[in-house]
Amino acid sequence: MDNGVNGSVKQVVVLYPVGGVGHVGPMTQLAKVFLDHGYDVTMVLIEQPIKSTDSGAGFIERVAASNPSINFHVLPPIPTPDLATSPKHPFLLILELMRQYNGELESFLCSIPRARLHSLVIDLFCTHAIDVAALLGVPVYKFFASGAGTLAIFTQLPALLADRRTGLKELGDTPLEFLGVPPMPASHLVKSLLEDPEDELCGAMMKILKRNARTRGVLVNTFESLESRALRALRDSQCVPGQVLPPVYAIGPLIGKAGTDKAWHECLAWLDAQPERSVVFLCWGSKGALPKQQLEEIAAGLENSGHRFLWVVHTTPAGSDDPKRYWERRGEADLDALLPVGFSERTKDRGLVIKSWAPQVDVLNHPATGAFVTHCGWNSTLEAVAAGVPMLCWPLAAAEQKMNKVFVTDDMGVGVEMEGYREGFITAEEIEAKVRLVLECEEGRKLWERAIELKKEAGEALEDGGLSQAAFLQFLSDVENL
């Protein structure tokens, strides 16, 4: 396929994610796919209004340094209000800020000769950029960094909510039926979508979901055999009656590769000394943090299980789930203050607790790793699937984590539920029991067999001739034939 202009100059793909580890990371993996197919890639970012000091603070800098083939362009800063003191929800503030950058985005796109500009690829929360692309006649596509199951629910939700006068919150755990996915408890939807339809946050999300149809297509970070039901639903003319949906391309799993992070970490040497499939790895993502009382329960459960563990601990102010936490500057966890007295000494021969960050892909792909306690973020889910590691599902309140938990346990069959996550507290007894189940019991062996099967399928999807590779080539062909 000719990706040049008159066979000489490469075409440019512009990627436009909202900031943050969970968005820039997957978009970087997408950039590598475009590079492999001979395109130049520019990732456009805005200046982050507040510099965080948590584990994601230096992430973009690390990504840029380790990917010199990708051009990272930061749009010229515009005046911004004091976001940290605004009474508005941080999500609404970020959406408004991104919209205000439309002028700068337009100027940047205009600086690229139109014949060279292949396409603009935006993420879920950059739908405001659709207007810019339409003005300039540039084909715009959406990159959906979550799974096809979530996309199927998001696609069908506006029609479900259209006739409601009250929010879905009142339904509690009542299962909702959507085409292509298991019955989904209403309480497991993204938190903002549970509110009253007149709520500003819910309304903003609805506008984003409805605008999905205005893109030329959706690139989804999944693969056919992992989410075949959801993908069939998204291609079904009855998914949203009366509406023609854009084509969906399953091009994943797009994740980092083991051994590519140049930052060596002590935990990898520690894992080298552990027996094969003997370690349970606990990590709740770049933002996930638990209160002291819950950390104490985890410590007791791990200690009583008798199994080896590698545990990443983030600190949190009194377990608060106040939206203002989005802006807070989090330091490293004080393990002595957070964990039970004597815990580290008693478990030093079989456990390692680390603060803030671990090279997750490397850990999951290490032969010693036998199970993964996860918050069920989609990046983490795909990384576990690609590594062939069973999951102990402990979703927090953020984003689509509870939906992903249902997909992992009910659809994929590679995880078990940590009972108590719905109430927001999991006991030491439950932690011990589930660690033992996965590492000792017949059910755990079956989970391992299924995980290894999916790992094989994930690898095959990305090979030459694989379904994800074919889907990406189809996408390129469709752009060329517009």
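Student: What makes domain 1 and domain 2 separate units in this chain?

Tutor: In this predicted model, the domain assignment of the chain gives domain 1 as 12-256 + 464-481 and domain 2 as 266-460. Their C-alpha centres lie 27 Å apart.

Student: How do you know that domain 1 and domain 2 are in contact, and how many residues take part?

Tutor: Contact requires heavy atoms within 4.5 Å. By that criterion, 50 residues of domain 1 are in contact with 37 residues of domain 2.

Student: What area do domain 1 and domain 2 bury between them?

Tutor: The size of an interface is often given as the accessible area lost when the parts come together. Here domain 1 and domain 2 bury about 3,500 Å², with 61% of it on carbon and sulfur atoms.

Student: How many residue pairs are in polar contact across the interface, and which elements supply the side of domain 1?

Tutor: The rule finds 6 residue pairs in polar contact across the interface of domain 1 and domain 2, both residues being at pLDDT 80 or more. On the side of domain 1 that touches domain 2, helices H1 (21-36), H3 (90-100) and H6 (148-162) and strand E9 (184-185) each supply at least two residues. The largest share, 4 residues, comes from H6.

Student: What is the make-up of that side of domain 1 by class?

Tutor: The side of domain 1 that touches domain 2 has 24 nonpolar, 18 polar and 8 charged residues.

Notes. Residues numbered from 1 in each chain as written. Predicted model: local features only at pLDDT ≥ 70, side-chain atom pairs only at ≥ 80, totals over all residues. Heavy atoms only, no water. Domains from an automatic or database assignment. Buried area = accessible area lost by both parts, 1.4 Å probe. Polar contact = N/O pair within 3.5 Å; in protein donor to acceptor, adjacent residues only side chain to side chain. Nonpolar A, V, L, I, M, F, W, Y, C, P; charged D, E, K, R; others polar.
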